[in-house]
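Morning, everyone. I'd like to talk about charged side chains today. Please have a look at the protein on the screen.

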Amino acid sequence: MTLFHFGNCFALAYFPYFITYKCSGLSEYNAFWKCVQAGVTYLFVQLCKMLFLATFFPTWEGGIYDFIGEFMKASVDVADLIGLNLVMSRNAGKGEYKIMVAALGWATAELIMSRCIPLWVGARGIEFDWKYIQMSIDSNISLVHYIIASAQVWMITRYDLYHTFRPAVLLLMFLSVYKAFVMETFVHLCSLGSWTALLARAVVTGLLALGTLSLYVAVVNVHS
């Protein structure tokens, strides 16, 4: 039964990434190693973020919620956008190809580094626990998030981007960077349950995805 539970969690977490790789056309471009390079860049960026946070921002431990401190910590996530831009700048091809390579490589590296061991150790435990199902669902939300972020970075770095689109792209990038901070604060203040918090993250990510997709389509149509 525990092995069956682990198989369910594993399939729920990893198969959407495999399906995305196959259905997005990346497999036809032999982009596997490009995605691996994006994953290596993810590791480097996360190492830099960890060193920066450990040096300048001490860990918050109970008591009054440090709103300013947590906001400053969330600002470090701008490094992810810089890393995604670095990955896309090193790949030649169409915009959607660059976006998917960067996003899929980045999200897969995060999935392996942050959820692989907990799933392997926890989901194979004696007792069933819903948190591993939630962890698997959250990995899919992360994949959508990084596709959104990659598309935003690709749009804002276009030298021919119309100035009328720039404020909207910057606003969406701001919301993407601080989405986790806003959701964490909201969950903390409202004392939401785990399922409610997961649903809230999914809804917010979906709204950002719709906004980014609409803007992406407009930018592509204008510049085509």
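What follows is a short tour of the salt bridges in this predicted model.

Some background first. Side chains of opposite charge can pair when their charged atoms come close.

How many salt bridges does a search of the whole structure find? The count is six. I'll take you through some of them.

Start with R115. R115 pairs with D138 in a salt bridge. Their closest N and O atoms are 2.8 Å apart. Now, where do these two residues sit? D138 lies in helix 6, which covers residues 131-156. R115 lies in helix 5, residues 95-122. So the pair ties together parts that are 23 residues apart in sequence.

R115 has another partner. E110 also forms a salt bridge with R115. Here the closest N and O atoms are 3.7 Å apart.

Are these residues buried or exposed? The cut-off for buried is under 20% relative accessible area. R115 has 9% relative accessibility, so R115 counts as buried. E110 is at 15%, so E110 is buried too. D138 comes out at 17%, and that is buried as well.

Now put the pieces together. E110, R115 and D138 belong to a network of salt bridges. R201 is linked into that network too.

One more pair. D160 and R158 meet through their side chains in a salt bridge. The N to O distance is 3.1 Å. What about the accessibility of D160? D160 is at 27%, so D160 counts as partly exposed.

Methods
Residues are numbered from 1 along each chain as its sequence is written. This is a predicted model: local features need pLDDT of at least 70, side-chain atom pairs count only at pLDDT 80 or more; totals for chains, interfaces and linings use all residues. Side-chain values use heavy atoms; hydrogens and water are left out. A salt bridge is a side-chain nitrogen of Lys or Arg within 4 Å of a carboxyl oxygen of Asp or Glu. Buried means under 20% relative accessible area, exposed over 50%, partly exposed in between (1.4 Å probe, protein chains only). Helices (H or I, at least four residues) and strands (E, at least two) are DSSP runs, numbered from the N terminus.
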